[in-house]
Amino acid sequence: MASVTLEKVKKDYGVVRVLNEVDLKIADGEFVVLVGPSGCGKSTLLRMIAGLEEVSGGDIRIGERVVNDVAPKDRDIAMVFQSYALYPHMNVSSNMGFSLMLRKADKTSIETRVDGAAKRLGLEPLLERLPRQLSGGQRQRVAMGRAIVRDPQVFLFDEPLSNLDAKLRTHMRTEIKALHQQLKTTSIYVTHDQTEAMTMADRIVVMHNGNVQQVGAPLELYDKPANIFVAGFIGSPAMNFLQATMVRQNIGQALFTDGQKLRLPDGLPLQEGASLTLGVRPEDIRIVDDGPLKAEVEVVEPLGMSTQYYVRVAGEQLRIYAIGRPGLAPGQTVRLAVEPAVQHIFDPESGNRVEAG
C-alpha cells in the first residue's frame with residue numbers, strides 16, 4: 001500500500017486545458033472518490049495516475065516515487081474499468097490470473113492468489129465459466145478479482161458500476177466498500193453518481209471544469225458546501241436555491257422577489273441591500289400552519305414512507321422531502337418554515353459560501 005500525491009498536476013490537449021494545477025494528497029489506505037459531471041476531468045486525472053495519459057505539468061507520486069515517466073505496468077497499480085475488459089476465450093480463473101502469468105509467477109502462487117480472491121468475491125463456483133456465461137454483476141466481480149490478485153499498492157476504479165442496473169449497482173457498491181475494509185488498499189474511485197460518492201468514500205473530491213471545488217468527508221461537504229456548485233451537486237434530492245436581497249429590521253432577513261421575507265442566520269457579513277443566494281436542502285423545509293413563507297403545491301410524489309412535494313415560492317420551484325404522508329394536493333396553498341441554522345448562504349456573483357461571524 002502507498003499514498004498518492006498530486007502536486008500542481010495539469011493536462012493540456014494542444015491549446016485546450018482540461019486539468020488546472022490539481023493538488024491532492026491521498027493517504028495510505030484511504031478510499032477517495034473523484035466526483036463531478038461529465039467532462040470535468042475526473043477520468044483524465046485517474047488515467048494520469050495510472051500512466052495511461054501523459055502529465056502536462058506537475059508531479060504524481062505513488063509513495064515517495066515520482067511516476068510521471070514510469071510505465072503503467074511498473075507503477076504497481078491495478079485498475080478496474082467500466083467495460084470489465086475480460087478476455088472472452090478465457091474462463092474466470094484464467095482471466096483473474098492472467099496478469100500474474102505475464103509476470104511469470106509460478107503456477108502454485110497464481111492458483112493460491114486466484115483462489116483467495118475468488119473466495120473473497122464469492123466466485124468459487126464460477127471459476128470454470130467463460131465471461132459470456134456470467135451476469136453483469138459477476139463479470140464486474142471477476143474484473144475486481146483480477147485486480148485483487150496483483151496485490152497492488154493502489155486500486156483505481158473508473159466508473160465500474162455504470163453498466164449495472166440500479167439494484168445491482170447498490171449491491172456492488174456495498175461489496176466494494178466491504179472489500180476495501182478488508183484489504184485496506186489505497187483506492188481512488190471515479191464516478192458521476194454523487195450517491196456512490198457519499199456512501200463509499202472516506203473523502204470526496206468534487207471536480208468541475210478541470211478544477212477541484214472542494215475536498216472533504218461526505219458529511220462535511222453535505223453540511224458545509226464551499227460553493228453553489230458543490231451545494232447543488234452533493235445531495236439527493238438536490239439543494240434548493242432562492243435569490244434574495246439582504247434587509248435588516250432589527251434582525252437580518254432575506255427579501256424575495258414576491259415581497260416575502262425569511263429570517264437569516266445572525267452575524268452574516270452582508271450589507272443592507274446586498275444580493276444573496278439562499279440554499280435549503282429539501283428535508284430542511286417544514287410544512288407548518290404559521291410559517292413565514294406562502295407556497296403553492298404543484299406536484300406530489302408519494303414514495304411510501306415519505307413524500308416529495310414540488311412547490312412554488314417567489315417564482316422558483318422548490319422541492320420538499322417530508323417523512324410520512326401529509327396528504328397535500330396540487331393547487332393547495334401551504335405555509336413553510338426554514339430555520340436559520342439549516343440555511344446555506346452564498347454570494348451570487350462568486351458562488352462562494354458566506355459564513356456567519
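Modeller: A search of the whole structure, which is a predicted model, finds twelve salt bridges. Three of them deserve a walk-through.

Start with Glu 53 and Lys 11. They form a salt bridge, and their closest N and O atoms are 3.7 Å apart. Glu 53 sits in the loop between H1 and strand E4 (57–62), while Lys 11 belongs to strand E1, so the pair ties together parts that are 42 residues apart in sequence. How covered is Lys 11? Its relative accessible area is 7%. Buried means under 20%, so Lys 11 counts as buried.

Next comes Arg 203 with Glu 30. This salt bridge has its closest N and O atoms 2.5 Å apart. The two ends come from distant parts of the chain, 173 residues apart. Arg 203 is in strand E9 (residues 203–208). Glu 30 is in the loop between strand E2 (16–26) and strand E3 (31–35). Their cover is as follows. Arg 203 has 22% relative accessibility, so it counts as partly exposed. Glu 30 has 11%, so it counts as buried.

Glu 298 is partly exposed, with a relative accessible area of 31%. Arg 312 is partly exposed too, at 32% relative accessibility.

Some bridges share partners. Lys 11, Arg 47 and Glu 53 are joined into one network that way.

The buried ones are Lys 42, Thr 44, Leu 45, Leu 46, Met 48, Ile 49 and Ala 50. An α-helix has 3.6 residues a turn, so residues three or four places apart point the same way. Just after H1, Gly 51 takes a positive phi of about 90°.

Tyr 13 is at 40% relative accessibility, so it counts as partly exposed. Together with Val 15 and Val 16, Tyr 13 makes a nonpolar surface patch of about 340 Å².

The protein has 41 positive and 43 negative side chains. The centres of the two sets lie 5 Å apart. Of the 357 residues, 48% are buried. The accessible surface comes to about 16800 Å², with 48% of that area belonging to carbon and sulfur atoms.

The fold has eight helices and 20 strands. Its C-alpha trace spans about 80 × 45 × 35 Å along the principal axes. Take the contacts between residues at least 6 apart in sequence: 66% of them join residues at least 24 apart. The Arg 203 and Glu 30 bridge links parts of the chain that are 173 residues apart.

Notes: Residues numbered from 1 in each chain as written. Predicted model: local features only at pLDDT ≥ 70, side-chain atom pairs only at ≥ 80, totals over all residues. Heavy atoms only, no water. Patch = residues over 30% accessible without salt bridge, like charges linked within 9 Å, V, L, I, M, F, W, Y side chains within 5 Å. Areas by Shrake-Rupley, 256 points an atom, 1.4 Å probe, with all protein chains shown as cover. Salt bridge = Lys/Arg side-chain N within 4 Å of Asp/Glu carboxyl O. Buried < 20%, exposed > 50% of the residue type's maximum accessible area, 1.4 Å probe, protein only. Helix = DSSP H or I, 4+ residues; strand = E, 2+ residues; numbered from the N terminus. Contact = heavy atoms within 4.5 Å. Lys, Arg positive; Asp, Glu negative; His and termini not counted. Charge placed at Lys NZ, Arg CZ, Asp CG, Glu CD.
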